[in-house]
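I wanted to look up how the parts of this structure pack against one another. My entries follow in the order in which I made them.

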Amino acid sequence: MEPTQPRSFLLSQLIDRAAEQDADHDAFRSPAGSLTYGELVGRANQLAHLLRDEGARRGDRVGIFMPRHVDSALAVFGILKAGAAFVPLDPHLPAQALERLIVDCGIRQVITHAQPAKTLLKMLARTENAGRIQTVIGPDLKAELTELAARAPASKAEQIQCRPWSDLAAYETEAGPNISVLGDDLAYIMYSSGSTGRPKGIMHTHRSGLAYARLSVATYGVGPDDRIGNHSPLHFDMSTFGYFSSPMAGATTLIIPEAYTKLTASLSQLMADEKLTIWYSVPLALIQLLARGVLEERQLGCLRWVMFGGEPFARKHLYALMALWPQARFSNVYGPAEVNQCTYFHLPPVPDPAAAAADPARNAEPVPIGRIWSDTEGRVLDDRDQPVAVGDPGELVIRSSTMMRGYWARPELNEKCFCSETLDGGFERVFYRTGDLVQARADGELLFLGRKDRQLKIRGYRLELDDIERTLSAHPTVEEAAVFAVRIDDETRKLSAAVSSKDGAGVDPEALRQFLVDRLSWYAVPSEIREVAAFPRTTSGKIDRRRLQAEAEAAETSDA
Amino acid sequence: MHDREDIENQLADFIRRELIGGRRDAEDIQLHADDDLLTSGLVDSLGVMRLVQFIEQRFEMSVPPADLTIEHFIDIATITTYIQSRKPVGKGEPAAHG
């Protein structure tokens, strides 16, 4: 027999390999239904054939415009098996913002669900979109498209193919299309959730996605018995842990539907019923669980690892969780979406976490982002790209197997964010500038100081806004805090703080001011501290500081 | 006491006025008693908390965290049933947490 040529190992094969191990093991679960690895492979093969029929080819971008549902896992692996790249689209985008992304990366096929399909139809009604979208897969929209074609002939809606899920039955389950895709080919584009400006599409290859999956499975010892809580929506980069790392380990991912992320008593019940072993989310989800999740009534003894990242997590909340879940390990995860993860910090055990949670001095200390993980090199550089002395702040610049290929169709950004170093013989190493300021502690652990563009000077003094926020958050009456500079005129800016109170019990701004005066340099004390009932959030759950700043500046102008 | 229709109208008014009023596409949004408020993105997690505050004040009742569940809060109809099933807490009495 002729020996077969080995092929590249691709992200799409993660589920095939898991199915070979145990086809009946649950791959993705959700209260509305679940898919075993065997079912997922069969359905993804069918979807891949359907996509090929609809013209999707290697390198093509296919949109996933869906709520948090197991069908999104089917879409991810179906698209990859067709050799195309998937592009997650936030299901709550209004029609115009959706259009911007679809135009930006030239999406022609969209996989969707009934609810977001309403926005999609609204977008298609705009005549300038005629001929842009060729196929809509998922819900049966034939009647709606016929109606749209009659109402708005210029939309050319009659030319759009509608392929409902029921069409999958016509295709083969045994094997996907015979495609020739390399590890170096485009696998997905993740749009940054930036609230202003043109969206940035972060391009990842099969290789960078697999590198992340492999490193994270090793770092957290993920195995087939793990049940992973995927809190993040697909369009947020933390989802790669649930969608890639979990299948690599043959584990089960629980896709938490949106309703549960808003009603935390239901969320904590679901976590207990599903016997989750690993949790990964932004700090906000954990803060909400602490505040309203009735955690003391839930059996969460299976939880062995709690990972959090995306923004700094106040220690007092962290200690409160440690007191509730003494069996679990806790890790701070750091890494821009451009490189997936790049550092980790495993919290050392705390003898009396409840006492630690009540100690303002301990709570004012930042949680380190820790150490650069494997297959990654990190350097802390000054403005002239020279290494800083240990302990000095500088920008973190890294190279890694998990690094993106670049931003989609943004040569000017790629020019800025990558830098290279040429070694003997012309051998080149390519680095990514994270734009994040870090500082190495004497013990080698890295501290995150803030975004380079969030560092500012007021009255000639250099301020680290995150440092001020952390100090404010350490106060017992404060739940969360945000600090930002408000522009008064061309020369003047003032420092402003917004805080939410613990249990909505209210704060005393003067007491908070005094608390900061005792702990910070005088110029770092905000000139106003305002209580807010709730913070505006970005779609990923981070506090939207740009919006706070814009609102404060608008108020400033109207007062003048 | 409030009858069912009255409660549903008050909730719908509040959601329309306070929670989705600022959205660019607000005028396109229809609101029915059985519309899923949570999955559709009509109400975000902060909106849920503001809705709870409104219910506590308007209907003079206490909503303990354990009651913040999908069964009670998925749409206006279930919220109304929940409000009617809870004995209102009179003014001046301590709120009963359960």
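**Interface, then helix packing**

I began with the interface and computed the area buried between chain B and chain A, which came to about 1700 Å². Carbon and sulfur atoms give 67% of that area. I note here that the model is predicted.

I then looked up which chain gives how many residues to the contact: 21 residues come from chain B and 20 residues from chain A. I also looked for salt bridges between chain B and chain A, and the count is zero.

Next I turned to helix pairs within chain A. I describe two packed helices by the angle between their axes and the distance between the axes.

I took helix α1 (residues 13-21) of chain A with α2(A) as one pair. Their axes are 8 Å apart and the packing angle is about 140°. For handedness I wrote down a left-handed crossing of α1(A) and α2(A).

I listed the residues of this contact. From α1(A) they are A:I15, A:D16, A:A18 and A:A19, and they meet A:Y37, A:G38, A:L40, A:V41 and A:A44 in α2(A). Sorted by class, the contact of α1(A) with α2(A) has seven nonpolar residues, one polar and one charged.

My other pair was helix α2 (residues 37-53) of chain A with helix α3 (residues 70-81) of chain A. Their axes come within 7 Å and cross at roughly 55°. That angle makes α2(A) oblique to α3(A). I recorded the crossing of α2(A) past α3(A) as right-handed.

For the residues, I found A:L40, A:V41, A:R43, A:A44, A:N45, A:L47, A:A48 and A:L51 on the α2(A) side. On the α3(A) side they meet A:A73, A:L74, A:A75, A:F77, A:G78, A:I79 and A:K81. I sorted the contact of α2(A) with α3(A) into 11 nonpolar, two polar and two charged residues.

Terms used: Residues are numbered from 1 along each chain as its sequence is written. Chains are lettered from A and ligands numbered from 1 in the order in which they are written. This is a predicted model: local features need pLDDT of at least 70, side-chain atom pairs count only at pLDDT 80 or more; totals for chains, interfaces and linings use all residues. Side-chain values use heavy atoms; hydrogens and water are left out. Axes are lines fitted to C-alpha atoms, for helices over the stretch in contact, and angles run from 0 to 180 degrees between N-to-C directions. Helices (H or I, at least four residues) and strands (E, at least two) are DSSP runs, numbered from the N terminus. Angles under 35 degrees count as roughly parallel, over 145 as roughly antiparallel, 65 to 115 as roughly perpendicular and the rest as oblique. A crossing is left-handed if the near helix is turned anticlockwise from the far one by less than a right angle, and right-handed if clockwise. Contact means heavy atoms within 4.5 Å. Ala, Val, Leu, Ile, Met, Phe, Trp, Tyr, Cys and Pro count as nonpolar, Asp, Glu, Lys and Arg as charged, and the others, Gly among them, as polar. Buried area is the accessible area (1.4 Å probe) that two parts lose on being put together, summed over both. A salt bridge is a side-chain nitrogen of Lys or Arg within 4 Å of a carboxyl oxygen of Asp or Glu.
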